[in-house]
Amino acid sequence: MKEFAYGGLHGTSTEKIAARAGISQPYLFRLFGTKKELFIASSRRCFGRVLAAFQEAAEGKTGYEAKKAMGRAYDQLLADREMLLGQMQMYAACSDPEICAATRAGFAELFRFVEQATGLSTEEI
């Protein structure tokens, strides 16, 4: 996630990712197949972090109280520059149909959770 956050899909070398992970580049490809698959896995992990933060923040709350708590949790996540950059890289890479589909799915999952946790209308969310 850190390497992709700074270099994006096309500007990040799998060699740097493998070195950061402490594995060989061939092993990296054995695990993920392609650099794009690794990028998508990284994007899903990013969405997972946001969802987990929302779930924790909203626990025991409803309505606007839950919405505000999730907003504060998101602000805290974005204090992590790499998290913010990672999200920006995901959206920037959406010209690729597979990345676009994975990004839409991740965003939709977040939206559904916010809708369910708050009980608010789509317009209010």
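**The largest cavity and its lining**

Analyst: H4 gives the most to the lining of the largest cavity, with four residues. This is a predicted model. The elements that give two or more residues to that lining are helix H1 (2-11), helix H4 (35-58) and helix H6 (81-92).

Now the space itself. The count comes to one cavity of 30 Å³ or more. About 60 Å³ of space lies in the largest cavity.

Next, the residues around the space. Met 1, Phe 4 and Ala 5 are among those that line the largest cavity. Phe 39, Ser 42, Ser 43 and Cys 46 also belong to the lining. Gly 86, Gln 89 and Met 90 complete the list.

Val 114 sits in helix H7, which spans residues 97-118. Is Val 114 buried or exposed? Val 114 counts as buried because its relative accessibility is 12%, and the cut-off for buried is under 20%.

What does Val 114 touch, leaving out residues up to four places away in sequence? Its contacts are Phe 54, Met 70, Gly 119 and Ile 125.

Val 114 and Gln 76 are 38 residues apart along the chain, and their C-alpha atoms are separated by 17 Å.

Technical notes: Residues are numbered from 1 along each chain as its sequence is written. This is a predicted model: local features need pLDDT of at least 70, side-chain atom pairs count only at pLDDT 80 or more; totals for chains, interfaces and linings use all residues. Side-chain values use heavy atoms; hydrogens and water are left out. On a 1 Å grid over the protein atoms alone, a cavity is a set of points where a 1.4 Å probe fits but cannot get out, and a pocket is an open set with protein on both sides within 12 Å along at least five of seven lines; lining residues have an atom within 4 Å of a point. Grid points are joined across faces, edges and corners, and a volume is the space filled by probe spheres set on the points. Buried means under 20% relative accessible area, exposed over 50%, partly exposed in between (1.4 Å probe, protein chains only). Contact means heavy atoms within 4.5 Å.
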